[in-house]
Amino acid sequence: MDTLPVPLEADARGIAFMPMTEADLDAVHAVEASAYAHPWTRRHFLDSLQAGYPAVLLVGEALPHETPRPTRPDGRWLMGYLVAMPGVDEVHLLNITVNPPHQRQGWARFMLDALALWSRGQGAHTLWLEVRQSNAPARRLYERHGFREVGVRRGYYPLSTLQREDAIVMQLGLDEPEPTT
């Protein structure tokens, strides 16, 4: 793959990937809290950064009719982010989030493509992730991207104070041909 397929408005937005830093964590956590009922804490992100895990932001310029939220010092939107954990010959996607105003526009797929490309460049043969069993839109996205279900982690995610939800374990073979969808 020579270039990544990008969402239609990518050129107008001047998108870029930037390393996530501690200075970004308040904005990242604000997006996380707006996107999920059971978000990662600010500490989860800090621990990931301190462990040296790859963590990147997807930022883009605001269009004329938009006011970016949360506000970034450079005036660009925090459109999304991801955190991964490299292993021996593999990468584990720990968190991928698109800021709610930008969901369902192709940005998650764009970030997945970038992660797969980066992972291949690191010599990884497999990309792993877990997804909530109830998160049908994310599961469809991952399946369209070539991930396949390979297992279940019982009670992996919090659901309420007394209940937990299963996680579907998904795997993408990075040595296999990429899907054409």
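Me: Where does R72 lie?

Reply: The model is predicted, so read each feature with that in mind. R72 lies in the loop between β2 and β3.

Me: Is R72 buried or exposed?

Reply: Buried means under 20% relative accessible area. R72 has a relative accessible area of 9%, so it is buried.

Me: Which residues does R72 touch, leaving out those up to four places away in sequence?

Reply: R72 touches M18, D24, L57, V59, W77 and L78.

Me: Where is E61, and is it buried, partly exposed or exposed?

Reply: E61 is in the loop between β2 (55–60) and β3 (77–87). Its relative accessibility is 41%, so E61 counts as partly exposed. Take M79 as a reference point: E61 and M79 are 18 residues apart along the chain, and their C-alpha atoms are separated by 9.4 Å.

Me: How do I describe two packed helices? What is the case for α4 and α5?

Reply: Two packed helices are described by the angle between their axes and the distance between the axes. Here, the axes of α4 (residues 107–121) and α5 (residues 136–144) come within 11 Å and cross at roughly 45 degrees. That angle is why α4 is oblique to α5. The crossing of α4 and α5 is right-handed.

Me: Which residues make the contact of α4 and α5?

Reply: On α4, they are A108, R109 and L112. On α5, they are L141, Y142 and R144. By class, the contact of α4 with α5 has four nonpolar residues, two charged and no polar.

Me: What should I know about side chains in a strand? And how many residues of β5 are buried?

Reply: Side chains in a regular strand alternate between the two faces of the sheet. In β5 (residues 126–132), six of the seven residues are buried, so the strand is largely enclosed by the rest of the structure.

Me: In which sense do β4 and β5 pair?

Reply: β4 (residues 90–98) and β5 pair in the parallel sense, over four bridges. L93 has L129 as its bridge partner in β5.

Me: What about phi at R104?

Reply: R104 has a positive phi of about 65 degrees, and it is not a glycine. R104 is in the loop between β4 and α4. Its relative accessibility is 69%, so R104 counts as exposed.

Terms used:
Residues are numbered from 1 along each chain as its sequence is written. This is a predicted model: local features need pLDDT of at least 70, side-chain atom pairs count only at pLDDT 80 or more; totals for chains, interfaces and linings use all residues. Side-chain values use heavy atoms; hydrogens and water are left out. Buried means under 20% relative accessible area, exposed over 50%, partly exposed in between (1.4 Å probe, protein chains only). Axes are lines fitted to C-alpha atoms, for helices over the stretch in contact, and angles run from 0 to 180 degrees between N-to-C directions. Angles under 35 degrees count as roughly parallel, over 145 as roughly antiparallel, 65 to 115 as roughly perpendicular and the rest as oblique. A crossing is left-handed if the near helix is turned anticlockwise from the far one by less than a right angle, and right-handed if clockwise. Contact means heavy atoms within 4.5 Å. Ala, Val, Leu, Ile, Met, Phe, Trp, Tyr, Cys and Pro count as nonpolar, Asp, Glu, Lys and Arg as charged, and the others, Gly among them, as polar. Two strands pair if DSSP finds at least two bridges between them.
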